Amino acid sequence: MRPRPFLLGNWKLHHRIAQARAWAQAYAEARPRRCERLDVAIAPPATALWALAQEGLGERVTLCAQDAYVEDQGAYTGALGAPMLADAGAKWLLIGHSERRRHFGETNESTERRAQAAVRAGLRPVLCVGETAQQRAAGQSEAVVRAQWQAAWPALRHSACSFALAYEPVWAIGGQSAALADVACMHQSLRADLCEQLGQQAGEQVPIAYGGGVKAEDVAGLLGQPDVDGLLVGGASLSADSFVAILAAMERAIESRLS
Ligand code: PGA
């Protein structure tokens, strides 16, 4: 059996509370019930996450926090702890996104500590991995990605199969989705690593999502790859309409995989 697929929308630094509410309303009109065949999640800024949880969006869509500090509480001005985000309604936590690495100095080591924090707070870690264009040109893609997920492994292994990976080549984020052959190759290598660490059966149950430039027209091709179990979508998740178009395309792709 393949892992349960998921669609996760990452709003990044977008949408104040009023816009988030409008998004939730448009989504609820288009999708009045929870999806059966896949998990649908969004990662809004923490302020909107709280507001959306209050309005019950969490009953339709899983709420995911974009980041949590490595400590749960203490004298860390400006930080948000994983237990606070869980309190606000988050169920999942994005970890190691390349924008966190690039703009906020996160490292493989701090990513591992964030994964520990997620596990302590009962949040599902979604670990992002991906190489830069320079690393790809130098033939280092697999080594970089392996080092990224292995660094977080001590924490992830304690959350058993409830964690997920997202392969996001840095050069595709905000641009065009990567070529299917490159996506397939990296996902296959991640799957082999997971099976080696966890054993075949458990390794096959960890969902591996692709992210980077995904639009509705890319969905069938991506989901057609054997080890692509989900999508992480930034820009195209900001409007409920384009997010729902991706969701509908995913449902069609999953249906056709089953038939
Ligand atoms: P994008 O972002 O879909 O806008 O490329 C993906 C991400 O950064 O998670």
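Trainee: Which helix gives the most to the lining of the largest pocket?
Mentor: That is α4, which contributes four residues to the lining; bear in mind throughout that this is a predicted model.

Trainee: Where does α4 run, and which other helix supplies at least two residues of that lining?
Mentor: α4 spans residues 98-104, and α2, which spans 46-54, also supplies at least two residues of the lining of the largest pocket.

Trainee: What volume does the largest pocket have, and which residues lie nearest its centre?
Mentor: The volume comes to about 550 Å³, and of the 24 residues that line this pocket, Lys12, Gln66, Asp67, Arg100 and Phe104 are the ones that lie nearest the centre.

Trainee: How does that lining divide by class?
Mentor: The lining of the largest pocket has 13 nonpolar residues, together with six polar and five charged ones.

Trainee: Which residues surround the ligand itself?
Mentor: The residues around the ligand are Asn10, Lys12, His97, Glu168, Ile173, Gly174, Gly212, Gly213, Leu232, Val233, Gly234 and Gly235, and by class this shell has three nonpolar, seven polar and two charged residues.

Trainee: What distances do you get from the ligand oxygens to His97, Gly174 and Gly235?
Mentor: For His97, a polar side-chain atom lies 2.7 Å from an oxygen atom of the ligand, whereas Gly174 uses a backbone N or O atom, at 2.6 Å from a ligand oxygen, and Gly235 likewise places a polar backbone atom 2.8 Å from an oxygen atom of the ligand.

Trainee: How much of the ligand's exposed area does the protein bury?
Mentor: Taken alone, the ligand exposes 280 Å², and the protein buries 95% of that.

Trainee: Back to Lys12, where in the fold does Lys12 lie?
Mentor: Lys12 lies in the loop between β1, residues 6-10, and α1, residues 17-30, and although Lys12 is not a glycine, its phi is positive, at about 55°.

Definitions and conventions: Residues numbered from 1 in each chain as written. Predicted model: local features only at pLDDT ≥ 70, side-chain atom pairs only at ≥ 80, totals over all residues. Heavy atoms only, no water. 1 Å grid on protein atoms, 1.4 Å probe; cavity = no way out; pocket = protein on both sides within 12 Å on 5 of 7 lines; lining within 4 Å. Points joined across faces, edges and corners; volume = space filled by probe spheres on them. Nonpolar A, V, L, I, M, F, W, Y, C, P; charged D, E, K, R; others polar. Near = heavy atom within 4 Å. Polar contact = N/O pair within 3.5 Å; in protein donor to acceptor, adjacent residues only side chain to side chain. Areas by Shrake-Rupley, 256 points an atom, 1.4 Å probe, with all protein chains shown as cover.
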